[in-house]
Amino acid sequence: MTRSLWVKFLILLLSISAISLSAALTLRELIIMDFEEYLEGETEDRIYRVMAAIEGSYERYSGWDEESLKENTIWALLLGYEVRILDADNQELVSTKAVVEHLPPLAQRRLSAITGFPSEDGQPLSNASFTNYPLFLGGEGIGFMEIRPVLARQGEGKETIFKMRSDRFLILVVFLLGGLSLILSLIYSRRMTDPIKKLTRAARNIAEGDMTQRVTVRGNDEISNLARAFNTMADSLALQEALRRKLTANIAHELRTPLSAMQGEIEGILDGLISFDRERLVSLHEETNRLKHIIEGIEELSRAQASALELRRERIPLKPFLENIRERYDKLFADKGVRLEFECADRVTAYADPDKLSQIVINLLSNALKATGEGGVVRVRAGEKETESFIEVSDTGRGIRKEDLPFIFERFYRASEGGLGLGLTIAQELAEAHGGKIDVLSDYGKGSTFRVTIPAFTISS
Ligand code: ADP
């Protein structure tokens, strides 16, 4: 069963409130238990005080004095006890009941109002039985005191009040806590789920093709980090989408030119306007070759773009690596009258995929050869620093105009006649797949230098 986040928050907060409430209840029970114990202790104390007063009176009067006993009886009553005092022969000397009965009615009513004795209907309020305590003086038994609380339980009134108050407090807490947790959970769940809802909406809109969708980011918690990551992802998707559209438009444009030429020639032949001879066939063949060339270039580009996922990096000693390329290209350069020079120390290495690295160098070399006329020089120089290796291809060729320089790495961009405008794009994709880059310096009319930099180790992201 799926529950929305805010319901989960609600359950969480309510469970916390329930736990706090049960803690409060337990605490209340413990306090009541303590209170009862305190009351029991208090009861015993009072009884001993009454006994001590009676024994004291016996000592003072060297025997039982009726007046003093009556006073003690009233005092015991004020402490909440009904007593009967008996002499050593178990004869009743005085009792609360008898003493109170002999009081004037006004005094009786006042006592009754204070202590509850005698009760209005004359019935004892407590049905507790009397407890008998022997009375002593100097180790000798002088009589007995029978005592029982006037109310069912001593301190009953206080305990009831205490319980009533704590119950009221608990009810208040239940409503306050419950209400507060409900309001808090609503506010917090809203706060937390709102950005998630916005993210979901934005993600849906992007899925439907609206690449402009972004979410506003506030704060620095996990959800705002998610929103930030979402916006970055949306930026990158929008960029990819723009590049894809541009690439599609570029490809369509590149393919249209040779196709239109072919179509024109074929229609001319069909209409009898152009003679169909070997020359036409050669021309058509050239156009198909050009088409094939473009398609191969596009395939090569998409392979280069995917190469980050399939790099086989190894430590390549650059001197023999460049020597090998030189052997393959020496003749081409010599045929054009361009001098090819190499400069690389013996122990220089690069941590790269050999196939991809040689493709980068070959693309740069063939561009340099195209740009350099007879008598020119193309120099390849390689070196290594602590964190990176580099290969530089410089030529004394025609150079690149300032206005073309920012665009030469773009797909299908050509600053001069011929070529597809993909060589540098592919080289750059391959360098970036290694975590590296290509920089260019060019002086129009004097020559250019392309520098490939590859990190000396894999940088994990
Ligand atoms: P292509 O595959 O057509 O050579 P590139 O992407 O390799 O295309 O290069 C793009 C453009 O940059 C070329 O049309 C060319 O004019 C210019 N270019 C590249 N390298 C050099 C160079 N070494 N000297 C002068 N121009 C260059």
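# Close-up views of strands and helices

**View 1. Leu86 stands opposite Glu92 in strand 2.** Strand 1 (residues 81–87) is joined to strand 2 (residues 92–95) by 3 bridges, and the two strands run antiparallel. Pairing here takes at least two DSSP bridges between two strands. Helices (H or I, at least four residues) and strands (E, at least two) are DSSP runs numbered from the N terminus. Strand 1 and strand 2 form a hairpin with 4 residues between them. In the turn, look for Asn90, which has a positive phi of about 70°. This is a predicted model, in which local features need pLDDT of at least 70 and side-chain atom pairs count only at pLDDT 80 or more, while totals for chains, interfaces and linings use all residues. Residues are numbered from 1 along each chain as its sequence is written, and side-chain values use heavy atoms, leaving out hydrogens and water.

View 2. Strand 6 pairs with strand 8 (residues 377–384) in the parallel sense, over 6 bridges. Within this pair, Phe342 stands opposite Val380 of strand 8.

View 3. Axes are lines fitted to C-alpha atoms, for helices over the stretch in contact, and angles run from 0 to 180 degrees between N-to-C directions.

**View 4. Helix 9 meets helix 10 at an angle of about 150°, with their axes 9 Å apart.** The two helices are therefore roughly antiparallel to each other (under 35 degrees counts as roughly parallel, over 145 as roughly antiparallel, 65 to 115 as roughly perpendicular, the rest as oblique). Their crossing is left-handed, a term for a near helix turned anticlockwise from the far one by less than a right angle. Helix 9 brings Lys356, Gln359, Ile360, Asn363, Leu364 and Asn367 to the contact, and helix 10 brings Gly423, Leu424, Ile426, Ala427, Leu430 and Ala431. By class, 7 of these residues are nonpolar, 4 polar and 1 charged (Ala, Val, Leu, Ile, Met, Phe, Trp, Tyr, Cys and Pro count as nonpolar, Asp, Glu, Lys and Arg as charged, and the others, Gly among them, as polar).

**View 5. Helix 7 (residues 278–306) packs with helix 10 at an angle of about 15°.** Their axes are 8 Å apart. That angle makes helix 7 roughly parallel to helix 10, and the crossing of this pair is left-handed. Gly297, Glu300, Leu301, Ala304 and Gln305 of helix 7 meet Thr425, Ile426, Glu429 and Leu430 of helix 10. The contact divides into 4 nonpolar, 3 polar and 2 charged residues.

**View 6. Pro195 is found in helix 5 (residues 156–207).** Pro195 is partly exposed, with a relative accessible area of 27% (buried means under 20%, exposed over 50%, partly exposed in between, with a 1.4 Å probe and protein chains only). Not counting residues up to four places away in sequence, Pro195 touches Arg190 and Ile223. The C-alpha atoms of Pro195 and Arg315 are separated by 48 Å, and these residues lie 120 residues apart along the chain.

How values were computed
Contact = heavy atoms within 4.5 Å.
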